[in-house]
Amino acid sequence: MQGAPASRATLVVFWASWCAPCREETPQLRALAKAPPEGLAVVVFSHDEAMKTVEDFLGGPAEAALHLRLDEGEAAARAFGVDKLPTSFLVVEGRLVARFQGPREWNSRAMRRLLEKLTASAD
């Protein structure tokens with residue numbers, strides 16, 4: 001994925017500050033991005049029209065660990081076949097391994113174990 005961090009696995013999240021379920025999962029997503037399982041990076045594509053809107057919601061600039069970018073024209077969302085927010089994809093070494101629709105408790109012990117397992121079993 002062009003411009004993605006160099007990691008074995010990437011959690012690609014389609015999100016928006018105006019989306020209530022997205023807002024619900026944001027604290028968990030931020031916590032996961034700050035301390036991800038080994039080899040995992042998080043990339044968030046926002047459907048917001050302006051980065052200022054996102055920054056206002058987050059209370060300042062997004063953490064670098066979120067690798068946040070605007071999905072202008074929703075081109076990335078179309079490429080992934082996203083039809084509802086939030087939707088997330090786990091990509092391991094260029095292969096789609098899992099799709100998650102709706103908010104998740106990203107930083108929970110169970111989700112972290114699942115991400116670790118999916119990342120390791122994609123060999």
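Colleague: Before we look at any residue, how are helices and strands defined here, and what kind of model is this?

Modeller: Helices (H or I, at least four residues) and strands (E, at least two) are DSSP runs, numbered from the N terminus. This is a predicted model, in which local features need pLDDT of at least 70 and side-chain atom pairs count only at pLDDT 80 or more, while totals for chains, interfaces and linings use all residues. Residues are numbered from 1 along each chain as its sequence is written, and side-chain values use heavy atoms, with hydrogens and water left out.

Colleague: Where is Gln-28 placed, and is Gln-28 buried, exposed or partly exposed?

Modeller: Buried means under 20% relative accessible area, exposed over 50%, and partly exposed in between, with a 1.4 Å probe and protein chains only. Gln-28 lies in helix 1, and because its relative accessibility is 27%, Gln-28 counts as partly exposed.

Colleague: Which residues does Gln-28 touch, not counting residues up to four places away in sequence?

Modeller: Contact means heavy atoms within 4.5 Å. On that reading Gln-28 touches Arg-104, Glu-105, Trp-106, Asn-107 and Ser-108, and its side chain reaches the backbone nitrogen of Ser-108 at 3.3 Å.

Colleague: What does the side chain of Ser-17 make a polar contact with?

Modeller: A polar contact is a pair of N or O atoms within 3.5 Å; within protein, one must be able to donate a hydrogen and the other to accept it, and residues adjacent in sequence count only if both atoms are side-chain atoms. The side chain of Ser-17 makes such a contact with the side chain of Asp-48, at 2.6 Å. Ser-17 sits in the loop between strand 1 and helix 1, and Ser-17 is buried because its relative accessible area is 4%.

Colleague: How should I read a nonpolar core, and which residues touch the most other members of the largest one?

Modeller: In soluble globular proteins, nonpolar side chains tend to be buried together. A nonpolar core is a set of buried Ala, Val, Leu, Ile, Met, Phe, Trp, Tyr and Cys residues joined through side-chain atoms within 4.5 Å. The largest core here has 35 residues, of which Leu-11, Phe-14, Val-42, Leu-90 and Phe-100 touch the most other members. Strand 1 gives the most to this core, with 6 residues. Leaving aside neighbours within four places in sequence, Phe-100 is in contact with residues including Leu-11, Leu-90, Trp-106 and Leu-118.
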